[in-house]
Amino acid sequence: MPSSQPWCHGNITRSKAEDLLSKAARDGSFLIRDSESILGAYALCVLYQNCVYTYRILPNEDKKLSVQASEGVPIRFFSMLPELVEAYYSPNMGLVTHLQYPVQREEDVDEEPESNNLPPQLPPRNFTASDGKESPEQAFKSLSETYLTRLQHMDLSIIPEEHAMAIQEYFRNSICQDAEQVQNGYPNLPGLKKLTMTVCKNLNSEISRVLPTLEVCHRALDQQLSPGIGPFSKQMSADSGRSVSFRLEQLTKLLYSIEDKAKSSVCESVGYDGGSHRKSLIPLVTFEVKQESLGISTKMFLKVDVESGKLYFKKSKDGPEDKYFVHNKILQLVKSQKMHGKLVIVVETEKEKILRKEFTFDNTKKREGFCQLLQQMKNKHSEKPEPDMITVFVGTWNMGNAGPPHNINSWFQCKGQGKTRDDSADHIPHDFYVIGTQEDPLGEREWADTVKSVLRKLTNISFKQVAIHTLWNIRIVVLAKPEHENRISHIFSDSVKTGIANTLGNKGAVGVSFMFNGTSFGFVNSHLTSGSEKKLRRNQNYMSIVRFLNLGDKKLNPFDITHQFTHLFWLGDLNYRVEFPSTEAENIVTKIKQQQYHELLSKDQLSMERDEGKVFLHFDEEEITFAPTYRFERDTREKYAYTKAKATGTKYNLPSWCDRVLRKSYPLIHVVCQAYGCTNDIMTSDHSPVFASFEVGVASQFVSKQDPNSAPQGGIQISNCVATLMTKSKTKFFIEYHSSCLEKTVKTPEGENTEHSDGSIKVRFGSQVELTPIISDPEYLLDQHILICVKSTDSDESYGEGCVALRAAQFCDREFHITLTHDGERAGTLSGAIHLHTSEGKPTEKLYDFIKVEKDDTVTAKGKGGDINKFSVTQAHDISNPSYMSYQKGNVIDKGWSYSMPPKNLPTAGQGSKECKKGGYDVGTRSPTGKSLNPTGEGEKVSEMFDNPLYGSMGKPHGWSKDQDHQQWDHLTPPEAGFTSSKAADGDNDRPPVPTPRNRSFTCSETKNPSPTSLTSHPASQKKPVVPSRSEGAGAHSRPPLPSKIRQGMPDPQTLKPRDYRDSSELPIKHRPPARPGQQQPHKDTYPEGPKMGRSVK
């Protein structure tokens, strides 16, 4: 595209183009941008009557350009864009109006290069261009003379004469020809290639002779390949014409690979690794705890042997070890949220008696370490062929162009400040280690070897390298346990430059993505623009990375990276600062020393930008409880160097949380942050390394046990879809459904548009859509998600994307309300109903259901037989991924999605008048996310029990206080305005328009009250849970009646939910039947417990 033309806007976003045309506010205003749907095509955007019309400009095979205009208008072809634009200044050319007023480009303010005394980040410049204007011939001659002059000062006698002549010839003539080729758009440097081929003539032939020999050695050492003759010799002959540098790289990689494979093979054969023999990966750990019996506190010791799968109960540290439980007899761990050190261990005796043993640890960290060890034990001895939960370490460090110190163990052990791991968990290895560095002075292999060596010493495991990618000094390394090597596939890596003029890689991002069995992972390491005043530039960096980082499944091109992965982790030196005046520097340092971070975090630029929905929309970050990680004096962590002398004066770099880790996962997916903090003892850089540890749910590569010929066909019906789009485009829309569980991508017919006075468009898609899954087994389908894309019919460009979890419709039809985003910005909302039909089957239990968290209440019960079961009678709530998309603005928490029951008088797809499927799930009082629903708005109080919450201190979005925690989980996100339900949508004609100005970065729901049919959250004043007595029954409150199958006090032997040993005290002891593994316990809870997405212990 001719960049000199005023109407040429390059690769700006569609929404940005609409904003520029709206500001022009004249019919006939136009601009041309790159198409978002077709590579090499353009989009002509024209403003007419306050609406934007978009026409695609497509090149044909001869690279002639034509406009897709109205039908019946002859197609005209043009050689150049200016010629095309000139022609369409004339009326009656098939456009809604002829072109009249070109809209000027907005010039970006380029980032200034940083000046410091450290090693330069940019490649060194060997010559400087003259400030004056030069002709190309003069520039080429100057270039040639520069290098010829340098050659005169070099001793050429040490190289062969023919090589010296070849070099002189290149700098005398060929370099000018190469420069001319580059100026014409051909940067292949044929002259330089000819020079290297001449100089390396003998080397090239030697490479051709050596490479096949090395490949034979490599294949012999590769244990995964069967013996035989491979195709390498043909490949070598085919590559003989490649450049010498390429073939040298091949040779170097081959040598490194041979060395690694030989070393690994020899070490494994003798059981040797890093100087220590493989005896036990995780040593024995003993915890001192207290146990209360008859009101008397007694000291006890719990000894955990992960390798043998045993938990010992001892009365003294050196006492006998005759009383223990093996891993399959340890049924559940239940953590108290009120008393952070309390833990109940549910075990099964040899006589199949269920015991509940309550212990108190010294502190929360000790309890978490014990729970992690027990979970590691259960995982290690699990009979499942594939894991359903893994752990991921994510680390980021701006190395400040200095090499690492000798000891960086604390980084990988999550030791230092913030939310850290207990010493007892030091030897628990993560399944994946993802390390992002910025200003990294080391080479790729040197840094990878350093990290592998550290992990080998800490874990006694030789981790495998999944991927490594570098952009200048920005690098990402992904390592995995050897046992996962065959579970990893579809590995991609890419980079985006956001430095000066978006062409230099001193700032930007690198990314890696891959599949782990049936779960997709994405990791982005970014280094954004520095400077306290460059906040908007950092926001632009983020948007550019979201748009142009090319990772993941190519079939998901309509979706950016924030929608393509089950789990996306974003790490790096994001460079957002605290927004205080420089005069507050000393006050800031004082508050840091006093660990008063709250006030400083309230002015954290990243938090404020996220709160306003400008960046990292629907991402989540664990609560920050550690000191700012920048800018320290090197070799100490006691002093912040917040001033820097520059030629323009003193520059202030106030202490800030520049280095961050954020995450985003699909709805209803298990993810828990176990650690988030920074180190204290790594001081070679002016940044401190930041670590984060996550426990995430994964899906296996599913193989159905059902006969595909006899199993009933599954089905997914989506109906009553209504989209509100924040656009001024005049076009028709359709919905596209994508998922790996579908046989093919499905498109809907065009929707019906209704324009609103606030600048948005409401689109109704009346027809029901049938989606056919490839497998109908619920074990497979409940882990799947449907990606939704709203597209325009004229340009095939996306106007908003979102995601719906099939697990939401596990037991009955669900209405969903999701926020649509595009290119990282809010684009609108979509509501509809989803119905899921699966074949018969019961989902297996998940490992992450082994640990529960109970919110204590005042109701207790005593057990017999010498055990005191002071255990709360509480309502169990399943919270999978509770912090997903926890974005808060004021009193509105925007997760990006919510689910609710459809109105009774509005049957949805496949539902008719039938009630929800029964199975111990009270749809009137619970959402599939585990949040309490209160459709009557009566503000009923229920106590809660959380499944899979964040360990220890639960992550809170900005502005949450600790005593608000339990309250927030009850809140269901208020839907976007007008999208409470399909019924509300149908009645929209009676609703007056809301006169709020259109702003692309926000939706209107944040300024509107929820509609009367929306689900009412519990008032803030009603904090204390109230558990109704058994005599009150289910009818004491105004809410939908419970299904008869799960009426109060009646056991449900056919329920699908796994056993939960937290609520075994709800019946008086004399009425309680004996507990056996196969027996379902009755419930006292007024609200029956919902379905567990996890393992029942049997």
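Reply: Start with the polar contact: a pair of N or O atoms within 3.5 Å; within protein, one must be able to donate a hydrogen and the other to accept it, and residues adjacent in sequence count only if both atoms are side-chain atoms. Here is the case to look at. Asn363 caps the N-terminal end of helix H9. One of its side-chain oxygens lies 3.2 Å from the backbone nitrogen of Lys365.

The model is predicted: local features need pLDDT of at least 70, side-chain atom pairs count only at pLDDT 80 or more, and totals for chains, interfaces and linings use all residues. Residues are numbered from 1 along each chain as its sequence is written, and side-chain values use heavy atoms, leaving out hydrogens and water.

Now follow H9 itself. The helix covers residues 364-380. Helices (H or I, at least four residues) and strands (E, at least two) are DSSP runs, numbered from the N terminus. How far should the 17 residues of H9 span at 1.5 Å a residue? The expected span is 1.5 Å times one less than the number of residues. For H9 that gives 24 Å, and its end C-alpha atoms are 24 Å apart, which agrees.

Buried means under 20% relative accessible area, exposed over 50%, and partly exposed in between (1.4 Å probe, protein chains only). The buried residues of H9 include Arg367, Glu368, Phe370, Cys371 and Leu373. Also among them are Gln375, Gln376, Met377 and Lys378.

Step back to the protein chain. It holds 19 helices and 43 strands. It has 1098 residues, and 55% of them are buried. Take the contacts (heavy atoms within 4.5 Å) between residues at least 6 apart in sequence: 70% join residues at least 24 apart.

Ala166 gives a close-up of such reach. This residue sits in helix H4, residues 161-183. Ala166 touches Leu195 and Thr198, leaving aside residues up to four places away in sequence. From Ala166 to Lys194 is 28 residues in sequence, and 9.4 Å in space, C-alpha to C-alpha.

Next, a sheet. Its 5 strands have the order E4-E3-E2-E1-E5, with mixed pairing, and the sheet is open. Strands E4 (65-67) and E5 (101-102) are the edges, and each pairs on one side only. Two strands pair if DSSP finds at least two bridges between them. Strands E1 (residues 29-34) and E2 (residues 42-48) run antiparallel, joined by 5 bridges. Phe30 has Val46 in E2 as its bridge partner. Helix H1 (residues 14-24) packs on the sheet, touching E1, E2 and strand E3 (51-59).

Stay with Phe30. With 0% relative accessibility, Phe30 counts as buried. Tyr89 is partly exposed, at 29%. The structure holds 34 aromatic pairs. Rings of Phe, Tyr and Trp (its six-membered ring) pair if their centres lie within 6.5 Å; planes under 30 degrees apart count as stacked, over 60 as edge-to-face and the rest as tilted. Phe30 and Tyr89 have ring centres 5.8 Å apart and planes at 85°, so this pair is edge-to-face. The pair links distant parts of the chain, 59 residues apart: Phe30 is in E1, and Tyr89 is in the loop between helix H2 (81-87) and E5. Phe632 and Tyr640 form a stacked pair, with centres 4.4 Å apart and 25° between the planes. Both of these residues are buried. One aromatic cluster includes Phe432, Phe514, Phe569 and Phe694.

Phe691 lies in strand E28, residues 690-697. Phe691 is buried, at 0% relative accessible area. The C-alpha atoms of Phe691 and Cys414 are 6.0 Å apart, although 277 residues separate them along the chain.

End with strand E29, residues 715-725. Of its 11 residues, 10 are buried, and the strand is mostly covered. E29 runs antiparallel to strand E38 (residues 825-837), with 9 bridges. There, Leu725 has Gly828 as its bridge partner in E38. Strand E34 (residues 769-771) is also antiparallel to E29, with 3 bridges. Ile718 stands opposite Val769 in E34. Strand E33 (residues 761-765) is joined to E29 by 5 bridges, again antiparallel. Cys721 stands opposite Phe765 in E33.

Methods. Axes fitted to C-alpha atoms, helices over the stretch in contact; angles between N-to-C directions.
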